[in-house]
Amino acid sequence: MFSAVRSCPPADRAGPLAQLRAATRAHHQRIDRLMDLRRMRDPGHYAGVLRVFDAFLAAWEPAVAAALPPQWHAWLDARSRRPFLERDLAVLGIAPADADARVPSLSSAAAAWGSVYVMEGSALGGQFITRSLAEAGLFPHRGAAYFHGWGERTASMWRDCRTTLEEQLADPRALADACDAACRTFDTLSNLLESALHERTAVA
Ligand code: HEM
């Protein structure tokens with residue numbers, strides 16, 4: 001389990017999505033700097049990023065499923081972008097991660113929803129990353145499937161996810177747990193990227 005670099009800001013009166021976004025803004029900026037869009041076109045850097053996501057998702061998907069009631073498992077399975085990642089590794093001849101990552105502990109359904117916010121939201125940034133990768137000759141069918149994800153369906157799937165998060169995190173205590181878990185999810189991935197890419201960045 002990783003500790004947050006900086007604890008989340010206290011909840012305010014904004015809606016759940018606005019609060020999750022505000023709580024994690026600096027954490028998003030940190031991971032954005034670590035991944036570095038321009039360097040994603042460097043094959044070594046890109047391979048390192050893919051292997052970090054591979055190690056992370058291998059542990060994260062079961063952890064989220066374990067923390068959410070069974071009625072959500074089909075919903076989660078239908079959103080998994082891990083098969084895309086495995087396809088990228090195979091197409092590019094990159095060895096899968098050596099071992100699963102250690103992921104943040106998700107001790108409640110609310111915490112799991114906070115973590116889901118991070119990974120589902122990352123599909124939005126993935127659309128920007130996809131355009132950048134295309135300039136390096138990496139396309140959804142050839143090495144860029146994970147970040148392309150659901151492509152044109154991304155916006156509608158995000159809307160559906162937002163509605164679910166608004167419903168599940170209406171209670172302020174649940175939202176506080178979710179914000180904390182969302183920050184820790186970002187930090188876990190950032191720490192893994194720092195180690196794999198030998199970069200150093202801190203939350204701004
Ligand atoms: C180079 C790396 C990245 C870039 C350039 C990037 C860029 C963006 C952009 C432009 C958006 C807004 C998209 C929109 O509103 O249509 C976004 C949203 C988001 N990204 Fe990233 N992203 C990156 C990496 C990540 C990663 C690795 C994660 C988490 C694992 C992440 C999590 C999120 C989340 C949760 C949102 C939704 C924010 C909200 O609207 O509440 N991003 N990203």
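Me: Axes are lines fitted to C-alpha atoms, for helices over the stretch in contact, and angles run from 0 to 180 degrees between N-to-C directions. At roughly what angle do the axes of α1 and α7 cross?

Reply: Roughly 100°, and the axes of α1 and helix α7 (residues 154-168) come within 9 Å. That makes α1 roughly perpendicular to α7 (65 to 115 degrees; under 35 is roughly parallel, over 145 roughly antiparallel, the rest oblique).

Me: Which residues make the contact there?

Reply: P16, L17 and R21 on the α1 side, with W158, R162, L165 and E166 from α7. Contact means heavy atoms within 4.5 Å.

Me: And what is this model?

Reply: It's a predicted one, where local features need pLDDT of at least 70, side-chain atom pairs count only at pLDDT 80 or more, and totals for chains, interfaces and linings use all residues. Residues are numbered from 1 along each chain as its sequence is written, and side-chain values use heavy atoms, with hydrogens and water left out. Helices are DSSP runs (H or I, at least four residues), numbered from the N terminus.

Me: How far apart are the end C-alpha atoms of α8?

Reply: 37 Å, which agrees with the 38 Å that its 26 residues (172-197) should span at 1.5 Å a residue. The expected span is 1.5 Å times one less than the number of residues.

Me: What's at the start of α8, and what follows α8?

Reply: At the start, a side-chain oxygen of D171 reaches to within 2.8 Å of the backbone nitrogen of R173. After α8 comes H198, with a positive phi near 55°.

Me: How do α5 and α8 pack?

Reply: Helix α5 (residues 109-134) packs on α8 at about 50°, with the axes 7 Å apart, so the two are oblique to each other. Residues in that contact include G114 and Y117 of α5 and A178 and T185 of α8.

Me: Which residues of α2 meet α8?

Reply: H45, G48, V49, V52, F53, F56 and W60; T185 and L189 are among the residues they meet in α8. The axes of α2 (residues 43-67) and α8 come within 10 Å and cross at roughly 140°.

Conventions. A polar contact is a pair of N or O atoms within 3.5 Å; within protein, one must be able to donate a hydrogen and the other to accept it, and residues adjacent in sequence count only if both atoms are side-chain atoms.
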